[in-house]
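User: Hi! I have a chain open in my viewer and would like to go through some of its details with you. Could we take them one at a time?

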Amino acid sequence: MSSTPKKRGVAAFAAASLLGAMAALVPTGDAFAGTVPIGPATSSGSLGPALGGPITQEQIIARAHDWINNAVPYSMFDAWKDNTVGGPYRADCSGFISMAWGLKNSLVTQTLPDVSTVTATNVIGYTGLQPGDALDFTDEHVVLFDSWIDKSAGTFYYDAEHRPGTVADQRRGSVYASTLDGHALTTYEALRYKNVVATSAGAVKSPVSMDAGATHVAFVDGNGNVANDWVSNGAWQGPSGIGGKARADSPVVLNANADHAFFIDADGNVMNDWVSNGAWQGPSPIGGKARPGSPIATNAAGTMVAFVDTSGNLVNDWVSNGAWQGPSGMGGQPRGDSPLAFNAAGDHIFFIDGNGSVANDWVSNGAWQGPSGVGGKARAGSGLATDASGTHVAFVDTSGNLSNDWVSNGAWQGPSGMGGQPRGDSPLAFNAAGDHIFFIDGDGSVANDWVSNGAWQGPSGVGGKARAGSGLATDASGTHVAFVDTNGSLANDWVSNGAWQGPSGLGGTSR
């Protein structure tokens, strides 16, 4: 928003006409979500940060996705507030940036530079953009840089409130295009919020991975070291380093037996730690470089690893004759925020494509086929999970509902709701049988849906609250769940005597 809104020719009826539609747009995950009078922000919500305080790139993107998930209508005359991002924040382009950055007030396009550093006065061909940066045309408009699609080609996703009659959404842009969101690209400058906790690789993540037997949990500690907790004599031990440092946006993924751990290093290399003679070895590269924000997935044996390369292609490395081979393309280009989900055998992999569709590559006659849609579209920031057989896939739909697709009579069915609305940054975790799924709800609570009498039940809390950016993992039986609590500590819930216990600390603090 400019400080001279009359230049936009905003129709006065826009806010009033959209207010009547709000009840249908607001998901049920927040105790309060809706339009309120404009004023200074009184809360930054469950995603934080403290108003005007330091904020991670992960938090900025998660906050932006909250308005996208709520389909917040554009308005220069009304504000939006909900329990996830707080507020109130004016529901126009610069109010959107103010909300995503967690500012104390809704600034305008001319005043956003007051709280920012200009990283580029001309964004034509500029590839130094990082998640959470703003592209600001100070006379007229501003959008939020979300993630690179293909950095070498200059293509990216951006999030924004656009104009009257539209809602917050995610679109595609290019630093080599002539325009961005209806304005000449030459009019935009790149801004980086002064209080952002920035990294060159992307938004900071707090990954958590659990093995099938619930005896090991891998994570990244406060110094960036790949670490793990483990069970000995019936009690959790650790933490202890297992080898190497993970890039700020890197996941960490254990295989089923917890004798391989995969991550992305600071140079973008896909790395492996492994157990030999009872001790962790490595790290060692297995082949290929991952784009910023790339997920990682492995099969149960830890002999196949999938990721997204720097050109945006879904690729994998694999073990043959005792050595890592690859990378090689599997098929398709995942959306910039897409997770990956491998089944146990490593012959089915799931992702979210550039159109938001849930898609699948699969092995037939020894070669990867696809991609092909399995059913439904996923909201921005959606988690993704599959069971051991690869016949159930869970995601968050564009209305914010936890949904799944499933195989019946040899064909994909769905999507259908499972129960509940995950928080904007929530991962999803399926057990091996696909009859328990875990997520983080809008209040930050770790929650569970489960199958009883052939139908999904829930959601119900299992214990504890997860901080923004927390990973989430379960074991094969779905009787243990690990996450990062609001103090940054590794924690878990577990089933005893038929009921959930916890949370309790496992050992160590996550970055």
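User: In which strand does isoleucine 264 lie, and is isoleucine 264 buried or exposed?
Analyst: Happy to start there! This is a predicted model, in which local features need pLDDT of at least 70, side-chain atom pairs count only at pLDDT 80 or more, and totals for chains, interfaces and linings use all residues. Residues are numbered from 1 along each chain as its sequence is written, and side-chain values use heavy atoms, with hydrogens and water left out. Isoleucine 264 belongs to strand β19 (residues 260–264), and its relative accessible area of 0% makes it buried (buried is under 20%, exposed over 50%, partly exposed in between, with a 1.4 Å probe and protein chains only).

User: Which residues does isoleucine 264 contact, leaving aside neighbours within four places in sequence?
Analyst: A contact here means heavy atoms within 4.5 Å. With those neighbours set aside, the partners of isoleucine 264 are Lys245, Ala246, Arg247, Ser250, Pro251, Asn269, Ala290, Ser294 and Ile296.

User: How far apart in space are isoleucine 264 and serine 496?
Analyst: In sequence, 232 residues separate isoleucine 264 and serine 496. From C-alpha to C-alpha, their distance in space is 36 Å.

User: Is asparagine 228 buried or exposed, and which residues does it touch beyond four places in sequence?
Analyst: Asparagine 228 sits in strand β16 (residues 225–232). Its relative accessibility is 5%, so asparagine 228 counts as buried. Not counting residues up to four places away, asparagine 228 touches His216, Val217, Ala218, Phe219, Gly238, Pro239, Ser240, Ile242 and Trp280.

User: How many residues of helix α4 are buried?
Analyst: Helices (H or I, at least four residues) and strands (E, at least two) are DSSP runs, numbered from the N terminus. The buried residues of α4 include Cys93, Phe96, Met99 and Trp101. Helix α4 (residues 93–101) is largely enclosed by the rest of the structure, because the buried count is 9 of the 9 residues.

User: What span does helix α3 reach from its first C-alpha to its last?
Analyst: Helix α3 covers residues 57–69, which is 13 residues. The expected span of a helix is 1.5 Å times one less than its number of residues. For α3 that expectation is 18 Å, and the helix comes close to it, reaching 18 Å.

User: Which residue with a positive phi follows α3, and which takes one just after α4?
Analyst: For α3, the residue is alanine 71, with phi near 50°. For α4, phi is about 70°, and the residue is glycine 102.

User: What is the relative accessibility of asparagine 277, and what is that of asparagine 497?
Analyst: Most residues other than glycine have a negative phi, and most peptide bonds are trans. Asparagine 277, in the loop between β20 (269–276) and β21, has a positive phi of about 55°; asparagine 497, in the loop between β40 (489–496) and β41 (499–509), has a phi near 55°. Asparagine 277 counts as exposed at 81%, and asparagine 497 counts as exposed at 83%.

User: What is omega for the cis peptide bond from glycine 282 to proline 283, and what is it from glycine 326 to proline 327?
Analyst: Proline 283 lies in strand β21 (residues 279–289), and proline 327 lies in strand β25 (residues 323–329). For the bond from glycine 282 to proline 283, omega is near 15°. For the bond from glycine 326 to proline 327, omega is near 10°.
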